[in-house]
Amino acid sequence: MLLLHHYLRDSAARFGGKPALIVGTQSHSFAEIDRCSDQLACALQRVGVRRGDRVGVMLENSAEMVIGLWAALKAGAVFIPINHATKADKLAFLLEDSGAAVLVAPTSLRQRVRSATADLATLKDIIWAGEAPGPGALHLSAILAGPHDAPQDPQLIDQDLCLIIYTSGSTGKPKGVMMSHRNICHNVWSISIYLGNVPEDVVLCALPLSFDYGLFQVLTGARIGFTVVLERSFTFPADVLKRIGEHKVTGLPGVPTIFATMLQLAPFDGLDLSSLRYLTNTAASLPPAHIRRLRRLLPQATIFSMFGLTECTRVGYLDPGKIDRKPTSVGRAMPNTEAYVVDDDGRRLGPDAIGELVVRGASVMRGYWRSPEETAQALRDGDIPGEKVLHTGDLFRMDADGDLYFVGRKDDVFKCRGEKVSPKEVENVLYELEAVGEAAVIGVADDIDGAAVKVFVRIRDGHRLTEQAVRQHCRSRLEPQLVPRYVEFRAELPKTDSGKITKTPLRAAGATAP
Amino acid sequence: MLHGQNGATAPKIDTARNTPTPTHIRSTLRVHFIENFLLGDEQGLGDDTSLIDAGVLDSTGAIEIVAFLEAEFGITVCDHEIVADNLDSIARIEAFVGRKRAAGQE
């Protein structure tokens, strides 16, 4: 039996003083992360966290976020990563839906956290990170500074849940993807096999750890024993890229937005990127022109075009040897995983037919937390009695060689900066404005972000509304990637015969404008 | 057009004729950030506060701020200048704009 946090325990035993993390000028060894997470796990158990309880950690990329992850697992709990940009209403929803027992949050977001947690009966306590929270409140720094103690063994087995990651759905309400220790250990194993990770790797992670792609850099690092250089964001790309030369970084995981931003700095004068062994891309496809430029600028680096979804972490990757010939393909399933394309009746389709991608294997989630109907939609009977396979909602085709190509979504969810955008979620927030009579949200093509949020609004008679007011309201209620880039006011929105707003004509207009 | 620029009530400076003083730059930046990013909540936004910490900057935020600086102060910002040392606080931006303008007048 293997539990996810055994990776950390084993690496701490094997590599002890080696840096597991480098954050800014601070380096944190595997032994230190192991010891600190023991202490936080003890504190979680002291406030009553037991096997299977949920622990939310809402921190920026930091050593504390990583310690929070391992501590939750060691205490026997299920780790819920929460983006620190999450607004109060959504935070309240996530904590209530998950029934989180404890939240770890920054003291600097005290007001937002307090307002989100005011009415939560299930929340036992909040542990504050950063500055001291004041008398009577639990302070992470104080917990970590205390004497070392080992948590009680919570008697987990590998079928127990280890993560719930919330993802946007077409309903506009986030769904909690349940992953067991078995799921995640399998996926970490499979990914590190095809990337050929070794302890000498140094991986630079500027992706948020609240995003599974970011989190997996730390998890893979723990399994293999490599160092992760953790950056808070890719806001200042030249600063981040400097770290590659500074720490002889070998692996750079990114999304198309990151690589597009990086290419703006080409030809990388004054930057030493010669240590890069590989680049990985997922969340959305890299434009072939960007692949060609990256290949030319970084000839020593292998590019892995990958594809995944939170519900199974990763589906597959393109054999890097095929990238010049098939730049738009995401290849085939990763080790010990099967991926195939089916028609509406679930029958497997032949080459080049478009259908829904189905994923089968140990990577597939246990379902959506407390959402039996949505779970039944996504997890359906496979060929073997009792087996469930994942219906991804993504339309794909497979070529005659067995390589996969993404075609589109079955619903109207799209991705901005690699993160899913649920048009419904943005529309719900727009309708909170009294002046909004009708609203429709679509994604329009964007060179840097893949897709940008565009909203069409019909202003209610007798009301006034400005673009700025729309954005300000959205900024106060939504994470940055959901805030509309473009706002267009229309006297009326197109409707179907039954009177429902139809987005097809808007998409046709939005694709060329603005 | 990038969002966040329209409608800001920052003191406008005719960049062709007048050189903005440091006070002008600071107040212009402060008004812009508070109105467009902090929704009127100016608590905690000091001249040296990290704009990342304050929630003003994310990856698109940097692009917006660069566009704002170019439009407002008549400077051109190169990609390699989009670094924390130049942009991660009001004081740093003010110094950066000052340097750029001085270089531009030579």
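This is a predicted model: local features need pLDDT of at least 70, side-chain atom pairs count only at pLDDT 80 or more; totals for chains, interfaces and linings use all residues.
Colleague: Among contacts in chain B between residues at least 6 apart in sequence, what share joins residues at least 24 apart?

Modeller: Happy to look at that one. Contacts between residues at least 6 apart in sequence are the set to consider in chain B. Of these, the share that joins residues at least 24 apart is 55%.

Colleague: Now the two chains together: which element gives the largest share of the side of chain A that touches chain B?

Modeller: The contact involves 20 residues of chain A and 16 residues of chain B. On the chain A side, α9 (237-247) and α14 (467-477) each supply at least two residues. By class, that side has 6 nonpolar, 8 polar and 6 charged residues. The largest share, 6 residues, comes from α14(A).

Colleague: Turning to helices α2(A) and α3(A), how are they oriented to each other?

Modeller: Helix α2 covers residues 30-46 of chain A and helix α3 covers residues 63-74 of chain A. Their axes come within 8 Å and cross at roughly 55°. The crossing is right-handed. Angles from 65 to 115 degrees would count as roughly perpendicular and those under 35 as roughly parallel, so α2(A) and α3(A) are oblique.

Colleague: Good to know! How many nonpolar residues does the contact of α2(A) with α3(A) have?

Modeller: From α2(A), the residues that take part include A:Ile33, A:Leu40 and A:Leu44. In α3(A), they meet residues including A:Val66, A:Ile67 and A:Trp70. Alongside 2 polar and 2 charged residues, the contact has a nonpolar count of 10.

Colleague: Last one, on the hairpin of β1(A) and β2(A): which residue takes a positive phi?

Modeller: Strand β1 (residues 19-23) and strand β2 (residues 26-29) of chain A pair in the antiparallel sense over 4 bridges. Within this pairing, A:Ile22 stands opposite A:Ser27 in β2(A). The hairpin has 2 residues between the strands, and the residue with a positive phi near 60° is A:Gly24.

Terms used
Residues are numbered from 1 along each chain as its sequence is written. Chains are lettered from A and ligands numbered from 1 in the order in which they are written. Two residues are in contact if their C-beta atoms, placed from the backbone, lie within 7 Å. Ala, Val, Leu, Ile, Met, Phe, Trp, Tyr, Cys and Pro count as nonpolar, Asp, Glu, Lys and Arg as charged, and the others, Gly among them, as polar. Axes are lines fitted to C-alpha atoms, for helices over the stretch in contact, and angles run from 0 to 180 degrees between N-to-C directions. Angles under 35 degrees count as roughly parallel, over 145 as roughly antiparallel, 65 to 115 as roughly perpendicular and the rest as oblique. A crossing is left-handed if the near helix is turned anticlockwise from the far one by less than a right angle, and right-handed if clockwise. Two strands pair if DSSP finds at least two bridges between them.
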